[in-house]
Amino acid sequence: MSGFLDNLLNGLAVGSVYALIALGFVTIFKASGVLNFAHGSLLLLGGYLVAVLHDDLGFAGALAVAVLVTAAVAGLLDRLVLQRTGGSDPHAAHVQTIVTIGVDIVLVTDLARRIGGDLLPLGDPWGDAVTDLGPVTVADSRVAAILVSAAAIGGAFALFRFTSWGLSLRAAAEDAEAAALMGVRLNRVRTAAWCLAGGLAALAAVFLVAFPAPGLERTTGQIALKAFPAAILGGMASPVGALVGSMLIGLTEAFVAGYQSDLHVLGEGFGDVAPYAVMVLVLLVRPAGLFAAKGTARV
Amino acid sequence: MTAAPAAPPALDVRGVTVRFAGLLALDDVSFTVAPGTVHAVIGPNGAGKSTCFNVLSGLYRPTAGTVRLGAAELTRLAPHRIAALGVARTFQNIVTTRGTVADNLMLGRHALSRAGFAATALRLPSAVREQRAHLARAREIAELTGLGAHFDTPVALLPYGDRKRVELARALCLEPRVLLLDEPVAGMNAAERTRTTEVVREIRAELGLSVVLVEHDMGLVMRLADDVTVLDFGRAVAHGTPDEVRRDPEVLRAYLGTGTGTGTAKEGAA
Amino acid sequence: MSDPRSVLRRRAALLPPVLLLCALPFYLDAFWLRIGLFSMAAAVGAVGLGLLSGTAGQLSLGHAFFLAVGAYGYVWLAGEPGPGLPPAVAAVLAVLLAGAAGGLFSPVAGRVKGIYLGVATLALVFLGHHVLLTADSVTGGFNGRSVPPLEVGGFAFADSGPELTVLGVPFGAEERLWYLGLALFALTWFTARGLLRGRPGRALAALSDSETAASVMGVHVARYRSAAFVVSSMYAGLAGVLLALSFRRVVPDYFSLALSVDYLAMIVIGGLGSVAGASAGAVFVTALPLLMTRYADQLPLVATPGSGGGAIGPTEASRYLYGAAIVVILLRAPDGLHGLARRAGARLRRRRRATGPPGTGAAPIPAAGTDPTDPTDPAARAKEHTP
């Protein structure tokens with residue numbers, strides 16, 4: 001039984017970190033129609049900044065700087081590169097999606113070169129401490145992941161719901177043309193969305209590499225790709241869907257890893273790829289994701 | 001490969017209802033397009049004309065009702081199956097695809113040709129022959145629609161009126177038995193309108209097909225149509241010949257009452 | 001469908017490059033031949049991805065998986081452990097196997113559209129990599145397997161077998177494989193261009209521009225999407241076989257997400273939707289790191305491999321370059337290298353036309369089925385090169 005609870009808590013913790021990533025991914029998609037394949041490298045950038053700055057600024061300071069810088073980089077990427085690509089092409093968002101792949105290559109190459117083969121500690125305050133919660137023992141880093149993610153996600157949802165930016169974002173996602181006619185400054189709305197997503201990614205990096213993960217490595221950005229299935233499962237344009245998808249992915253991963261010995265036919269380390277298997281299975285049944293709005297094609 | 005099919009079967013629309021998220025776009029609409037006639041569907045903006053076309057071409061599935069072409073029930077078929085039955089359409093906003101006029105017209109020949117991936121990749125004689133024959137027919141249709149000189153011009157480089165005609169030619173390339181024209185002269189200048197009207201008149205005479213026409217230009221409707229169905233708020237409020245419909249009080253109310261389309265109504269009456 | 005003279009002229013125009021490619025093994029050493037060989041293999045794969053992502057508009061990041069199916073399929077089918085089939089049969093079956101793998105994914109590939117498919121196909125790469133690591137008995141696990149040489153009628157495309165000297169040049173594995181690569185690339189060129197200019201290519205291009213227009217014109221959208229995926233997988237499988245033969249060893253880590261991204265870079269840099277562009281992009285992306293490695297000591301800012309310490313090695317340098325190339329190309333010239341070449345040609349022609357007699361510009365021009373590399377043919381250009 002405690003095994004089950006362990007897996008459940010692990011799954012929720014991992015899922016909430018994926019949710020930070022997936023929420024950013026979905027926000028970007030809603031605001032700009034772009035699938036941001038550079039999301040993993042933004043996350044790696046955030047993690048890298050915390051790793052190199054925490055000695056001088058302390059963990060909290062480093063995290064704050066990392067979140068702000070990553071948010072700024074994401075915003076600039078959108079403003080200076082993506083918004084200038086594709087022009088009036090009706091498929092502009094698709095072209096921009098491919099541009100993010102190019103950006104990802106450059107960013108990942110550069111960060112991987114700096115990180116090299118090292119494992120960089122982020123100097124987080126939780127270390128490898130654990131807490132007993134009744135029958136289960138849980139790493140403090142996991143608890144922190146759940147709490148901080150919940151706070152950040154709550155904050156993001158509050159932004160969606162209660163600010164004029166959130167209203168503009170929803171209006172723009174609904175009908176960009178109409179929103180523009182009503183005075184919504186689409187460029188600003190989408191740049192802000194990219195900034196928010198960048199900040200969330202940097203935050204996620206901290207928990208992705210915290211205990212029990214060994215530290216930041218050059219491939220950490222790839223771990224972030226597991227949030228993509230979460231976003232797809234949620235139907236891409238739905239923040240709530242992204243949350244549910246993330247939890248589903250996190251729990252799948254945790255339970256597959258937890259019952260590894262019973263699932264040995266699937267091979268060692270199947271937990272790492274299980275999210276993708278889940279994604280394929282869901283897409284087979286519902287090609288538009290679990291939470292896709294049932295829209296009618298406009299002709 | 002000249003297509004002169006026997007008289008096309010009647011297109012019978014019965015009780016078609018389309019509901020989007022509680023909004024009634026079409027409400028129990030019925031009309032019959034008699035073989036070989038031009039049937040206009042008119043009405044103010046938002047009356048459901050394009051929705052009606054989307055049902056006829058299989059893009060929307062109606063909540064209720066049937067559409068029959070002869071013995072075939074269309075509402076259960078995917079768009080490509082309906083195309084294969086000889087129902088072709090144009091769009092209100094131009095929807096051409098990349099490449100030249102020839103490429104677009106050859107897309108229209110898709111349902112009539114067979115060459116698959118393997119035969120085309122290996123350039124088997126059958127595939128080469130087929131392509132050559134269809135290209136010749138596409139060129140004929142380009143001539144018929146006045147696009148002959150632009151056959152090898154990229155569509156993106158053509159002026160608006162010509163692109164609109166590319167859509168018409170592409171639809172004709174399907175050798176349709178029923179042709180659905182969604183505002184074929186919208187946005188055209190007077191000369192282009194006259195030309196397109198002539199083309200429609202000609203193809204109808206030469207190819208003997210049925211035409212369903214959605215159009216705001218009352219002049220065009222009055223000149224071309226044999227029958228008219230008037231839609232308002234998703235309901236068919238009047239049927240009849242152009243003359244009957246023009247005098248129908250319901251129609252006048254629909255047009256004048258909403259304020260839209262007064263200009264075109266006057267133009268039609270003039 | 002174009003007149004015989006222009007066909008003849010086009011064929012004649014192909015002759016010099018073909019002769020040049022055939023003559024190269026007599027003049028180049030193994031290093032350059034290997035670059036050429038990898039480039040040709042990559043070009044075969046890139047052309048396949050170009051059909052899917054460039055023409056049909058279906059983004060795929062799963063190409064590495066199908067390369068792996070082709071490579072490992074060949075190794076297993078021709079090798080021990082494995083059925084030990086004649087290598088030529090194994091090669092053909094490996095290509096079919098890759099196509100079948102694409103077919104298995106078609107319920108997703110047929111229904112998931114455009115850029116979303118890019119995310120869905122991530123699954124293929126990661127799941128595939130996992131299988132390659134886990135299914136030891138077939139794949140050899142982490143260390144991979146060595147590749148049995150291809151033999152056709154007693155002739156081995158390897159250093160083994162009877163020695164062969166042509167015109168005083170000893171023909172080793174590289175020289176022999178060069179001609180194999182050339183033949184397979186020619187086959188790819190021939191078939192892919194046939195597809196693009198024929199009924200299937202038009203249908204794929206149309207459905208990527210407007211699914212609605214394609215479907216009301218009679219294109220079975222889901223079936224064509226699936227078919228594009230299968231065909232693209234088969235080209236990838238063929239490329240995988242050729243890569244396996246060239247590397248002589250297959251290892252799982254080669255077939256990573258980075259490889260898929262490389263192929264995407266090839267078709268974007270070359271210009272989406274064109275066979276020649278995909279081939280040019282393949283050469284660029286493949287040759288760049290190899291050349292940089294070779295000449296690292298002569299390049300500014302680039303450290304020799306293994307000098308470590310966060311220096312920019314040749315591999316990194318080339319990745320910076322083509323990552324940036326993707327961004328710059330899409331910012332400035334969305335039709336890639338091929339589009340740049342085309343526009344340069346058009347500018348030249350305009351200048352020439354301006355000095356020629358009036359009216360020549362409107363001369364009738366052959367339509368579909370003409371050669372897109374023929375600079376006098378705007379019809380074919382527009383058809384193949386519009387992204």
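In chain C of this predicted model, helix H2 (residues 30-55) and helix H13 (residues 275-294) have axes that come within 7 Å and cross at roughly 145 degrees. Helices here are DSSP runs of H or I with at least four residues, strands are runs of E with at least two, and both are numbered from the N terminus. Axes are lines fitted to C-alpha atoms, for helices over the stretch in contact, and angles run from 0 to 180 degrees between N-to-C directions.

Which residues make the contact? On the H2(C) side they include C:Phe31, C:Phe38, C:Ala42 and C:Gly50, and on the H13(C) side C:Ala278, C:Gly281, C:Val285 and C:Arg294 are among them. A contact means that two C-beta atoms, placed from the backbone, lie within 7 Å. By class there are 14 nonpolar, five polar and one charged residues where H2(C) meets H13(C). For these classes, Ala, Val, Leu, Ile, Met, Phe, Trp, Tyr, Cys and Pro count as nonpolar, Asp, Glu, Lys and Arg as charged, and the others, Gly among them, as polar.

H13(C) has another partner to look at: helix H12 (residues 257-270) of chain C packs with H13(C) at about 125 degrees, the axes 7 Å apart. That angle makes H12(C) oblique to H13(C); under 35 degrees counts as roughly parallel, over 145 as roughly antiparallel, 65 to 115 as roughly perpendicular, and the rest as oblique. H12(C) also passes H13(C) in a right-handed crossing. From H12(C), residues such as C:Asp262, C:Met266 and C:Gly270 take part, and they meet a set in H13(C) that includes C:Gly277, C:Ala278 and C:Phe284. The contact of H12(C) with H13(C) divides into nine nonpolar, four polar and one charged residues.

Now follow chain C across to chain B. Here 32 residues of chain C are in contact with 36 residues of chain B. Helices H8 (173-197), H9 (199-209), H10 (211-216), H11 (221-247) and H16 (378-385) of chain C each supply at least two residues of the side that touches chain B. Which helix gives the largest share? H9(C) does, with seven residues. The side of chain C that touches chain B has 18 nonpolar, ten polar and four charged residues.

Chain B itself is where to look for sheets. Four of its strands form an open, antiparallel sheet in the order E2-E1-E4-E5, where strands pair if DSSP finds at least two bridges between them. Strand E2 (23-33) and E5 of chain B are the edge strands, each pairing on one side only. E1(B) is joined to E2(B) by seven bridges, and strand E1 (residues 11-20) is joined to strand E4 (residues 64-69) of chain B by five. A handy landmark is B:Asp12, which stands opposite B:Thr32 in E2(B) and opposite B:Arg68 in E4(B). E4(B) then pairs with strand E5 (residues 72-73) of chain B over two bridges, with B:Ala72 as the bridge partner of B:Leu69. The hairpin of E4(B) and E5(B) has two residues between the strands, and there B:Gly70 takes a positive phi near 60 degrees.

The other sheet to trace in chain B is open and mixed, with six strands in the order E6-E7-E8-E3-E9-E10. Strand E6 (87-89) and strand E10 (235-240) of chain B each have a single partner strand, so one side of each is left without a neighbour in the sheet. Neighbouring strands of this sheet are turned by 20 degrees against each other on average, direction ignored. Within it, strands E7 (residues 178-182) and E8 (residues 210-214) of chain B run parallel and share five bridges; B:Val178 stands opposite B:Ser210. Helix H1 (residues 49-56) of chain B lies across E3, E6, E7, E8 and E9 of chain B, at about 150 degrees to E7(B).

Finally, chain A and its confidence. The mean pLDDT of chain A is 84, and 94% of its residues reach 70 or more; pLDDT is the predictor's confidence in each residue, from 0 to 100. Confidence in chain A is lowest in helix H6 (residues 176-181), at a mean of 74, and highest in helix H2 (residues 39-81), at 93. Over residues 294-299 of chain A the pLDDT is below 50. Where pLDDT is low, the predicted coordinates should not be read in detail.

Residues are numbered from 1 along each chain as its sequence is written, and chains are lettered from A and ligands numbered from 1 in the order in which they are written. Local features need pLDDT of at least 70 and side-chain atom pairs count only at pLDDT 80 or more, while totals for chains, interfaces and linings use all residues of this predicted model.

Methods:
Left-handed = near helix turned anticlockwise from the far one by under 90°.
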